[in-house]
Amino acid sequence: MLSIEKYQNEFIDYLKAYSIEKEPKNLYEPIDYILSLGGKRLRPVLTLMTTDIFNGNYKKALDAALSIEVFHNFSLVHDDIMDDAPLRRGQQTVHEKWDVNTGILSGDAMLIMAYQLFENYKPKIFRALAELFSKTALEVCEGQQYDVDFETRNNVTIPEYLKMIEYKTAVLVGAAMKMGAIVADASDEDQHHIYEFGRNLGIAFQLQDDYLDAFGDPKTFGKQVGGDIIENKKTYLYLKALEFSTQETNAKLEALFSSNPEDPSAKVEEAKAIFLDSGAADSTKQAIEVYTAKAFLGLESLDISEEKKTLLKVFGTKLMNRTV
């Protein structure tokens, strides 16, 4: 087994070699741009690590890992357009740097390129990867639609919200790990259990992202802090604040999340104060711990060494203590 940093470095080297210098430039330059912006490279690292965990050659998983990263960035390009987000990883979003049409078309090309990477595998593995990828990609689209729908709904429930983040974020984390298991030719049972570990960790990861969106440090977070509040997104923080607050405070919060002021700074600070005073912020932290614990519990069923289980737990713990 390698360290997380070594998996990251191996993947980044492979990504650099994949750099696209083709015509037309206005199609491929935005793709190179978004892929070069960095980020945690969480999903491809999980793919490589999982292959290693099941005694496969992690280098054989590089194309699957790259496919996950290309797809993830495709979804970010299109999500940023839908959210009209100005920043991604502290830099201009693709549609801001170029234009909306370029962002749409370059994103479309990335989705196709993600599938093309499976062509480097033998038929049995190709089919398993493609089936999992297609199922996951459709769920990600469903999750994004739920996210959009919730912006204009005032009756979103916590179970609905958890389903949305499971589809929009968590299933891709689970798929990244299962792809590594597929490449390593792990048993169907182990493929299932590692997927469930990744899915639960992915839910915890998104809840942490929601928390950092409101309370993260803008210098390290990389995105616009308070962006979810500005966009009137009914996050776990918002829903818990409604659950815990008085009728008067709820009316105030609902009014805030129906407004679109030119200068949103006061709106953001007021919403954050309600999240803190109501206990919603603490409740969100507790939910992160619950889903992390669920992920760790699922590891017990895996047919791997205790040392490897510990490695996965350390990775999950670090992920939940992040500030970016």
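This is a short exchange on how some labels are assigned in this predicted model.

Trainee: Why is D80 called buried?

Mentor: Its relative accessible area is 3%, and buried means under 20%, so D80 is buried.

Trainee: Where is D80, and which residues does D80 touch, not counting residues up to four places away in sequence?

Mentor: D80 is in helix α4, residues 62-83. With that exclusion, D80 touches A85, R88, T93 and H95.

Trainee: What makes α3 and α8 roughly parallel to each other?

Mentor: The axes of α3 (residues 42-53) and α8 (residues 158-183) cross at roughly 30° and come within 7 Å. Angles under 35 degrees count as roughly parallel, and therefore α3 and α8 are given that label. The crossing of α3 past α8 is right-handed.

Trainee: Which residues make the contact?

Mentor: From α3 they are L42, R43, L46, T47, T50 and T51. From α8 they are L172, V173, A176, M177, M179, G180, A181 and V183. By class, the contact has nine nonpolar, four polar and one charged residues.

Trainee: How many aromatic pairs are there, and why is the pair of F71 and F74 called tilted?

Mentor: The count comes to 11 aromatic pairs. The ring centres of F71 and F74 are 5.4 Å apart, and rings pair if their centres lie within 6.5 Å. Planes under 30 degrees apart count as stacked and over 60 as edge-to-face; the planes here are at 50°, so the pair is tilted.

Trainee: Are F71 and F74 buried or exposed?

Mentor: F71 has 2% relative accessibility and counts as buried; F74, at 9%, is buried. F71 and F74 belong to one aromatic cluster with Y115, F118 and F133.

Key: Residues are numbered from 1 along each chain as its sequence is written. This is a predicted model: local features need pLDDT of at least 70, side-chain atom pairs count only at pLDDT 80 or more; totals for chains, interfaces and linings use all residues. Side-chain values use heavy atoms; hydrogens and water are left out. Helices (H or I, at least four residues) and strands (E, at least two) are DSSP runs, numbered from the N terminus. Buried means under 20% relative accessible area, exposed over 50%, partly exposed in between (1.4 Å probe, protein chains only). Contact means heavy atoms within 4.5 Å. Axes are lines fitted to C-alpha atoms, for helices over the stretch in contact, and angles run from 0 to 180 degrees between N-to-C directions. Angles under 35 degrees count as roughly parallel, over 145 as roughly antiparallel, 65 to 115 as roughly perpendicular and the rest as oblique. A crossing is left-handed if the near helix is turned anticlockwise from the far one by less than a right angle, and right-handed if clockwise. Ala, Val, Leu, Ile, Met, Phe, Trp, Tyr, Cys and Pro count as nonpolar, Asp, Glu, Lys and Arg as charged, and the others, Gly among them, as polar. Rings of Phe, Tyr and Trp (its six-membered ring) pair if their centres lie within 6.5 Å; planes under 30 degrees apart count as stacked, over 60 as edge-to-face and the rest as tilted.
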